[in-house]
Amino acid sequence: MHINLRWVKAHVGYLGNECADQLAKEAITEGDPFLLPKPLSYLKSEIKSAALSIWQDNWDNGETGRSTHDIVPRVSNKPVGWNREEIMFVTGHGPFPSYLHRFNLRTHDNCSCGEKGDPMHYATKCRFTLSWHFQTPTVSLKLQWLKTFSRTTYQEPDFDS
């Protein structure tokens, strides 16, 4: 199919042009075809709400970021306010042997001390980071400990406002 566009003189009897003119007049006289049934702010709010709902569903049912999901279970378009080090600690992304090993940038995931080199190891056990240690949480309290740690800078989003 070939479509050719060309200029034609208006109102001289070209059937297609006359039909287009008639349809344009009807559209104008029958009301504004772009009239929205709700205010634009309402539509923006609905789109934002739907997008957040889809994002939340993907976050809840995803396969990645589960340790971060435990700490930040609700999505929000507001920044969490964490600094770079806090983000690396919570997500486990950074210059940790455990992270680098996942991407074949290291042959093993061990710290220089011999144990698995993940953020929790450096924050609680490694003899090379002793002066920065936190008290090691028990297994049953680890999630609560991480949430308490993250709340020092992260506030749950207020979806009612």
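Select Gln56 to begin: with 11% relative accessibility, Gln56 counts as buried. Buried means under 20% relative accessible area, exposed means over 50%, and partly exposed lies in between (1.4 Å probe, protein chains only).

A word on what is on screen. This is a predicted model, in which local features need pLDDT of at least 70 and side-chain atom pairs count only at pLDDT 80 or more, while totals for chains, interfaces and linings use all residues. Residues are numbered from 1 along each chain as its sequence is written, and side-chain values use heavy atoms, with hydrogens and water left out.

**Stop 1: around Gln56.** Gln56 sits in helix α2, residues 40-61. Helices (H or I, at least four residues) and strands (E, at least two) are DSSP runs, numbered from the N terminus. Now show what Gln56 touches. Setting aside neighbours within four places in sequence, Gln56 is in contact with Pro73, Arg74 and Val75. Contact means heavy atoms within 4.5 Å.

**Stop 2: the whole chain.** Zoom out and colour by secondary structure. The protein has seven helices and zero strands. Of its 161 residues, 22% are buried. Take the contacts with a separation of 6 or more: 30% of them join residues 24 or more positions apart. The protein exposes about 12800 Å², and carbon and sulfur atoms supply 58% of that. Accessible areas come from the Shrake-Rupley method with a 1.4 Å probe; for residues, only the protein chains shown count as cover.

**Stop 3: the core.** Select Ile71, Val72, Trp82, Phe89, Val90, Met120, Ala123, Trp145 and Leu146. These nine residues form the largest nonpolar core. Helices α4 (84-91), α6 (119-124) and α7 (142-151) each give two or more residues to this core. A nonpolar core is a set of buried Ala, Val, Leu, Ile, Met, Phe, Trp, Tyr and Cys residues joined through side-chain atoms within 4.5 Å.

**Stop 4: helix α4.** Which residues of α4 are buried? They are Glu86, Met88, Phe89 and Val90. Go to the start of α4. There, a side-chain oxygen of Asn83 comes to within 3.0 Å of the backbone nitrogen of Glu85. Then go just past the helix: Gly92 takes a positive phi of about 80°.

**Stop 5: His121.** Move to helix α6 and select His121. His121 is buried, at 2% relative accessibility. Beyond neighbours within four places in sequence, His121 contacts Cys111, Cys113, Glu115, Lys116 and Cys126.

**Stop 6: the salt bridge.** How far apart are their closest N and O atoms? The gap is 4.0 Å, and the pair forms a salt bridge. Glu115 lies in the loop between α5 (97-102) and α6, Lys125 in the loop between α6 and α7, 10 residues apart. A salt bridge is a side-chain nitrogen of Lys or Arg within 4 Å of a carboxyl oxygen of Asp or Glu. By this rule the count is one. Both ends are partly exposed: Glu115 has a relative accessible area of 38%, and Lys125 has 48%.

**Stop 7: a surface patch.** Finish on Val8, Val12 and Tyr14, which make a nonpolar surface patch of about 250 Å². Patches are made of residues with over 30% relative accessible area and no salt bridge; like charges are joined within 9 Å, nonpolar side chains (Val, Leu, Ile, Met, Phe, Trp, Tyr) within 5 Å. Tyr14 is in the segment before α1 (15-29). Tyr14 is partly exposed, at 44% relative accessibility.

Key. A polar contact is a pair of N or O atoms within 3.5 Å; within protein, one must be able to donate a hydrogen and the other to accept it, and residues adjacent in sequence count only if both atoms are side-chain atoms.
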